[in-house]
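Trainee: Could we go through this model together, chain by chain, and then look at how the chains meet?

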Amino acid sequence: MPMLDLISSTGVAPNDVEPALFDAAVNQDIDALHLPNDADLSDYLDALPRVKSIFVDFPAFTDGRGFSLARLLRHRHGYEGLLVADGQLIPDQFAFALQCGFDAVRVKRSERERHTAEAWQAALDAFDVTYQRGYAVKAGPATSIFDARLTAAEANKTTDPFSA
Amino acid sequence: MSETKSELPPTIKTSAKHKGKGPQAMTANELRSGLSVWMTQDFGWSRDYADALLTEDDATIERMQDVANAAELSNTVVGAYFIDTVNGAPARYRERFRTHGPSYDTADLI
Amino acid sequence: MYRYDEFDAEFVNARVAQFRDQVERRLDGRLSEAEFRPLRLMNGLYLQLHAYMLRVAVPYGTLRSEQLRMLAHLADKYDKGYGHVTTRQNMQFNWPVLGDVPDMLADLASVEMHAIQTSGNCIRNVTCDPYAGAAADEIEDPRPLAELLRQWSMLHPEFSFLPRKFKIAVTGAPTHDRAMVRAHDIGIEVVRGPSGEVGYHIIVGGGLGRTPIIGETLRAFCPKDELLPYLDATMRVYNRFGRRDNKYKARIKILVRETGIEEFRFLVDEEFKALDASDIMVSQAERDRIAAYFAPPEYASDIKALDLEAQPEAFRKWVETNVHTHVQPGYAIVNISLKDPERAPGDITAEQMRAVADLADKHSFGEIRTTHQQNMVLAHVRQDELRAVWDGLVAAQLEDANINLIGDIICCPGMDFCALATARSIPVAQKIAERFNDHARQQAIGEMQIKISGCINACGHHHVGHIGILGLEKAGVEFYQVTLGGDATQTARVGDRTGKGLSEAELIDGIERIVDRYMDVREGNERFLDTYQRLGAETFKEALYADA
């Protein structure tokens with residue numbers, strides 16, 4: 001088992017949790033669930049309230065299925081526990097992961113020689129804005145451009161009573 | 001923790017081992033310019049195929065492999081691979097084409 | 001035309017800075033090539049057969065004159081003095097070096113341009129009817145829609161690592177499709193709904209490549225405000241269920257085919273019902289804001305009628321072939337052919353770009369279009385200024401009068417530049433153009449679309465050419481397969497394979513025999529495509545192989 005690090009917007013911490021495969025027969029709390037990225041979420045819904053953390057598998061950083069799973073877990077199924085993108089992500093995807101609903105990514109510690117903690121944090125600072133509505137996050141692109149325009153238009157309307 | 005070659009993450013790939021026929025040449029593209037290069041007699045790289053090292057010697061081929069891997073890991077070339085040659089020229093049409101550049105380029109009219 | 005606001009500018013500048021950092025990390029090894037490759041592709045940077053290639057986005061094929069001048073500047077400063085208009089309306093440069101690309105992107109950003117998502121497994125640059133806003137046959141200008149889609153798709157957090165690339169095309173003229181909406185992953189037609197309101201007909205699963213498929217209706221009428229949530233639902237179904245085990249089966253067309261359109265529609269509808277549309281849709285105010293940029297220009301009303309009789313014959317011929325009806329009385333749409341028989345189809349020099357930009361400033365409200373047929377368009381030209389435009393084009397050697405004729409060949413870069421190609425395509429286009437160089441003969445033949453691809457990926461759209469040519473290679477020799485009867489319009493159809501491949505010389509002669517046969521058997525003003533549909537393939541196959 002390689003040494004792993006959990007990287008979130010607040011920093012880096014070791015994390016060697018071994019998430020468990022789902023077993024529908026076990027009716028107790030699940031501390032860490034391993035979720036394959038082709039999972040049919042309907043199999044998991046009954047158990048979801050008992051799950052404390054979910055590790056979504058990213059078998060390759062180019063396989064974007066996990067982003068949609070995160071979005072569904074958060075927005076459709078109301079999952080509020082820890083959500084981790086587990087696998088091969090690179091810093092340049094960090095903001096995407098958070099924007100889709102992940103709290104953190106987990107990568108091999110050995111990768112950090114190239115992808116330093118600073119690189120991961122810098123990736124979050126690359127953009128303050130995102131176009132899509134519903135994908136803005138505090139750490140990372142904090143505002144949807146579509147929403148920012150509305151806000152700016154409203155401000156223009158109200159702040160200067162003398163403008164034409 | 002230092003990594004041995006076998007532990008290289010899948011996101012760092014080096015050139016595939018050759019499975020070719022006949023004398024082998026090693027080719028790649030320069031990372032910075034993108035231009036095609038071929039490995040030379042002294043295990044450097046040349047943009048001119050005429051300088052290419054062609055060999056059937058297993059030990060030399062192994063060395064070419066190692067040099068290419070090292071060049072990729074040191075970020076000088078990308079996508080290194082062996083090509084088959086016949087009578088001194090690349091065997092595949094595409095590889096022959098690659099040695100001489102486009103047969104037409106609007107740049108030549110300017 | 002759309003102008004960036006502070007947010008668009010901030011976004012594109014941040015993107016340039018991000019890519020500059022990525023290039024730096026690649027050069028010092030912090031990014032491996034395997035990691036860098038998808039990142040550079042999403043900024044339009046390929047490693048091609050001989051060198052890097054940068055594909056600059058021309059969103060929905062619309063350029064302002066200063067943007068075209070910037071492309072000329074890039075061609076001169078960082079490349080070899082020319083650019084190439086692609087079949088997806090973009091412009092690509094064949095010879096940049098990696099270290100220059102961040103500067104090229106910064107230059108582009110200074111004129112509100114970018115190269116974002118012109119490659120990679122993401123939502124690509126949205127393409128559009130090049131006559132948008134000028135065509136008499138359109139229901140509504142589709143460019144506000146295209147601009148909305150550009151913004152919505154930019155660095156989409158969920159849809160940037162799709163199974164495969166994703167191409168969207170839009171048209172506002174469903175009765176005269178000039179954007180090939182049925183040959184795209186998603187095609188959108190502006191249509192009128194049951195009570196006359198304007199909305200969108202969504203077509204899914206079209207595409208060319210190794211498995212050519214004509215798209216099918218996903219949703220006959222999508223109200224405007226539902227479009228983005230509905231596309232989100234469609235993209236999510238594709239992102240989750242599109243095949244990732246085989247890149248040749250990873251496009252949405254394969255998912256739609258394997259799932260069946262009914263079941264696919266069901267999946268999208270379920271997704272659409274379950275998502276919070278209000279979380280995704282943009283406001284009417286925002287759509288109105290974007291649309292305002294595409295308001296018609298201030299047309300003049302004092303335009304004198306053009307006395308063609310008093311004009312030179314070459315000009316009259318050019319007007320006949322290259323000038324198209326405009327929605328506004330007194331105006332015309334001018335097509336600028338980039339099909340000089342001696343050049344690569346779609347290539348344009350920096351000097352010519354500047355000449356076109358100047359003409360656009362003088363005669364077309366400073367606006368230029370690029371077309372999927374690899375030409376350019378001045379969309380709003382006063383008819384009494386057509387002669388001045390033509391004079392300018394003659395001076396720039398851009399006066400070829402061959403739009404939609406046999407010399408107006410679509411052609412991918414082929415083996416001369418492309419890493420995927422199996423055979424050359426440029427020399428074939430040049431030889432056909434040379435064979436039919438006589439203008440009177442081209443004119444007599446009439447509308448004829450020859451489309452050439454240098455490999456089965458079909459960037460040259462050969463499947464939908466009236467005559468399609470596919471370049472292949474066996475044992476070191478190039479050969480060419482011919483398809484007949486393809487159609488890229490609203491009556492889209494994949495052409496029929498004729499039979500065994502031909503050498504280049506056999507091909508050129510064979511095409512001439514097909515054309516001669518057509519001239520013999522056509523009735524009245526029938527186009528080649530009409531004659532082909534009336535008579536079927538046999539007689540033309542026989543002509544093609546008559547000498548073989």
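Mentor: Read along the sequence, chain B follows the pattern β-β-β-α-β-β-α. Helices (H or I, at least four residues) and strands (E, at least two) are DSSP runs, numbered from the N terminus. This is a predicted model, in which local features need pLDDT of at least 70 and side-chain atom pairs count only at pLDDT 80 or more, while totals for chains, interfaces and linings use all residues. Residues are numbered from 1 along each chain as its sequence is written, chains are lettered from A and ligands numbered from 1 in the order in which they are written, and side-chain values use heavy atoms, with hydrogens and water left out.

Trainee: How many helices and strands does chain B have, then?

Mentor: Chain B has two helices and five strands.

Trainee: And what share of chain B is buried?

Mentor: Of the 110 residues in chain B, 46% are buried. Buried means under 20% relative accessible area, exposed over 50%, and partly exposed in between (1.4 Å probe, protein chains only). As for contacts (heavy atoms within 4.5 Å), among those in chain B with a separation of 6 or more, 56% join residues 24 or more positions apart.

Trainee: What is the order of elements in chain A?

Mentor: From the N terminus on, chain A runs β-β-β-β-α-β-α-β-α-β-β-α, with four helices and eight strands. Its C-alpha trace spans about 70 × 40 × 25 Å along the principal axes. Buried residues account for 52% of the 164 residues in chain A. Residues 24 or more positions apart supply 52% of the chain A contacts with a separation of 6 or more.

Trainee: Turning to the interfaces, how much area is buried between chain A and chain C?

Mentor: About 3700 Å² is buried between chain A and chain C, and carbon and sulfur atoms give 58% of that area. Buried area is the accessible area (1.4 Å probe) that two parts lose on being put together, summed over both. F127(A), Y131(A) and R149(A) supply 18% of what chain A buries against chain C, more than any other three residues. The contact takes 37 residues from chain A and 50 residues from chain C.

Trainee: How many salt bridges cross the interface of chain A and chain C?

Mentor: There are eight salt bridges across that interface; a salt bridge is a side-chain nitrogen of Lys or Arg within 4 Å of a carboxyl oxygen of Asp or Glu. R149(A) pairs with D8(C) in a salt bridge, at 2.8 Å from N to O.

Trainee: And what is the salt-bridge count between chain B and chain C?

Mentor: The count between chain B and chain C is zero. These two chains bury about 2600 Å² between them, with 60% of it on carbon and sulfur atoms. L31(B), Y93(B) and Y104(B) provide 23% of the area that chain B buries against chain C, more than any other three residues. The contact involves 26 residues from chain B and 39 residues from chain C.

Trainee: Let us move to one position in chain C. Where is A179(C) found?

Mentor: A179(C) is in the loop between β7 (168-171) and β8 (186-192) of chain C.

Trainee: Why does A179(C) count as buried?

Mentor: A179(C) counts as buried because its relative accessibility is 5%. Beyond its neighbours within four places in sequence, A179(C) touches C128(C), D129(C), A169(C), V170(C), T171(C), H184(C) and H372(C).

Trainee: One more topic: how much space lies in the second largest pocket?

Mentor: The second largest pocket holds about 870 Å³ of space. On a 1 Å grid over the protein atoms alone, a cavity is a set of points where a 1.4 Å probe fits but cannot get out, and a pocket is an open set with protein on both sides within 12 Å along at least five of seven lines; lining residues have an atom within 4 Å of a point. Grid points are joined across faces, edges and corners, and a volume is the space filled by probe spheres set on the points.

Trainee: Which residues lie nearest the centre of that second largest pocket?

Mentor: Y131(C), H324(C), N404(C), E447(C) and Q449(C) lie nearest its centre, out of 33 lining residues. The largest share of the lining, three residues, comes from α11(C).
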